[in-house]
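Here is a friendly walk through a few local details of one protein chain. Have a look at the structure first, and then read on.

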Amino acid sequence: MHGWMGKVLRVDLTAGQVRDEELDPRVARDFIGGRGLGIHYLLKELDPVADPLSAENMLIMATGPLTGTGAATGARYMVMTKSPLTGAITTSNSGGMFPTELKRSGYDAVIFTGKSNRPVYLWIKDGQAELRPADELWGLDTAKTTDALLEATEAKARVTCIGPAGENLVLFAAIMNDKHRAAGRSGVGAVMGAKNLKAVVVRGTRKVPLADPERFKEFHSQVIGKFKEATKDNPPPLRLHGTAVTAMATNNFGVLPTKNWQQGEFDGWEDIYGVTLTEKYLVRNSACFSCPIGCGRRTKVEVPGFEGEGEGPEYETIYSMGSNCMINNLAAVTKANYVCNELGLDTITMGATVATAMELVDRGYLSEEEVGRSLKWGDGEALVELTRQTGMREGFGDKLAQGSLRLATEYGHPELAMVSKGQEFAGYDPRGSQGMGLAYATSPIGASHMRGDPAYFELLGVPFNVDRFEHRGRAKAVADWQDLFCVIDSAGLCVFFSVRNLAEPQLDVPPTGITEYLNAATGADYTVEEVMKAGERIFNAERLFLARAGFARKDDALPPRLTEEPMPTGASKGHVCHLDEMLDEYYEVRGWSGDGIPGDERLSGLDLD
Amino acid sequence: MLIRVGLFANLKDHSPTGDSRFEVELPEGASLADLFILLEIPDSVLRVSLVNGRDTAPDRILNNGDEVVLFPPVEGG
């Protein structure tokens, strides 16, 4: 095979054994790789009602056919499992360097089953794999874990690991690779912790074989050439200021979630957005493997009480820990971000859970006595301290470790948890971006913007802006973009490059550039339609798993704050999100029943029976 | 008429005062495009243009007291 390495590593943690398995070329073709490969195996082998923290759950790490080939931003892998936070599937994505190394070690995917009876890590070098004891690593933060493992294996190896948060089964624990990059959402780190799996370390020196190296090289050079031309007069804001610059857009559109989503604009936005980060704490930018953008931020804070260094914060963190908590102290947000990376925590859920706690205190449903400290809106010190406590499950952190929905429910007000399917939203308020509301509600992993991201065509003008307040006729665009993101996540590419450069600038986004890269790398001879159909297949496969796990229309929901409380101020003032109407139209577009269950006809048309 | 302007990120380079926020005088009937000319922002510089919080095309005629915000196209994560 080309593009694909043709091998999957099976790791039985209960028996303590590893073995190679051939990757079925038909499966590779139909599901592409990465996210698609993951759902193929989960659908086939995992009981949809398994307990996520039990030995029964599976954990899959999968690269795409373009990972490690040198394709622009072909640097990604996905971590897939059943989530302990939501009970749905989760597909958590990350870049950096680890995914390329995994691919080059000879594997398209690693599938973990069972549970080890003692802490272990997996070491892979060029097609040879073994489980090794990790007792001495248990308890170490992700940076120390990474350093220790590079010492124990090879300096040029790459590491993905959990920190204390995953070990402590925090329901939104992350898996950190290359120290600063996160497979962040839905508690994938807790699943690793529950399996006593501390880390995966890889060294891979093989080249990814390409079906047509000349064609690949030529196309790649065209792609990069066009990108350089387009950015000549317009240096990408992502490179200059990171994703944090997006707060400038969301605030001005009145969709920057503020004060636990009570508002859509924040007075302090300029204190915490990307340009201020550049001015105050930026050391330099950083890039994943083979990326011409370089949106990563290497930062350092020397403000007393918040000292630290590392990478980030990203936009989502600026929202969840900044505006959402009414915190305009960028040093505090950045420090809390470092703590999340070190302990291995999802910054989105962490910040959103603190914001929910702040509102519970504000309304008198939760006492500061019980929190163990003051917890008022805007308190950056509280944010940092509570983040650390959460990762360690100390004090009130033990309650925060359950996420905002369980927290709010415990204190009698589940409606104050800003979630869909139990997972907290990203930084775009759907009252000012209707399609985003539909995307959050129908995302297979619970609320996420990275399952379709309508912000592109409702706010950011890619390919052009539709009317962001118009909910009628929005469903098809949302569905098409959801399918596109399945393709991107399965191919191993990054959304930031692919959307603007590898798909046609049309609302139905045919993935022409992605198809060309895939064909040159794999020799699969896909048509653009086949690739888009694979995206639809993958999305429906995920929905099928959810249906079998008991999810239906009732779960494709948004909190009443977003559907019933009009936005009070700002550029989106007066609007609510019209989810119900959008759902009817969306299920029809998708070929699902009125209850949101995929119909047999659509499923067999996608060869999913 | 008086127009309130906000320029952010690289668009701030075109501020006559050096500050992100300032006010300008424009004749009645002037359009958003006329504002771009006044601020000497070349067409090659990509921007999102919001007038009173709404994404707006350059041919839009401005009114006294309008707030115009310009910033480069961005994306977040």
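**Briefing: selected local features**

Thr69(A) sits in the loop between strand S3 (59-63) and strand S4 (77-82) of chain A; helices (H or I, at least four residues) and strands (E, at least two) are DSSP runs, numbered from the N terminus. This is a predicted model, where local features need pLDDT of at least 70, side-chain atom pairs count only at pLDDT 80 or more, and totals for chains, interfaces and linings use all residues. Residues are numbered from 1 along each chain as its sequence is written, chains are lettered from A and ligands numbered from 1 in the order in which they are written, and side-chain values use heavy atoms, leaving out hydrogens and water.

**Buried residues and their polar contacts**

- Thr69(A) is buried, at 14% relative accessible area (buried means under 20%, exposed over 50%, partly exposed in between, with a 1.4 Å probe and protein chains only).
- The side chain of Thr69(A) reaches the backbone oxygen of Leu66(A) at 2.7 Å, and a polar atom of that side chain lies 3.2 Å from the backbone nitrogen of Ala71(A).
- Arg35(A), in helix H2 (residues 34-45), is buried at 0% relative accessibility.
- The side chain of Arg35(A) makes polar contacts with the side chains of Asp489(A) at 2.9 Å and Glu542(A) at 2.8 Å.
- A polar contact is a pair of N or O atoms within 3.5 Å; within protein, one must be able to donate a hydrogen and the other to accept it, and residues adjacent in sequence count only if both atoms are side-chain atoms.

**Backbone geometry**

- Most residues other than glycine have a negative phi, and most peptide bonds are trans.
- A cis peptide bond joins Gly312(A) and Pro313(A), with omega about 5°; Pro313(A) is in the loop between strand S15 (308-311) and helix H12 (315-322).
- The bond from Val462(A) to Pro463(A) is also cis, with omega near -10°, and Pro463(A) is found in the loop between helix H20 (455-458) and helix H21 (475-491).
- Arg393(A) has a positive phi near 50° and is partly exposed at 23% relative accessibility.
- Lys421(A), not a glycine, has a positive phi of about 55°; Lys421(A) is buried, at 10%.

**An exposed helix residue**

- Glu279(A), in helix H11 (residues 274-280), is exposed at 61% relative accessibility.
- Glu279(A) and His241(A) are 38 residues apart in sequence and 9.4 Å apart in space, C-alpha to C-alpha.
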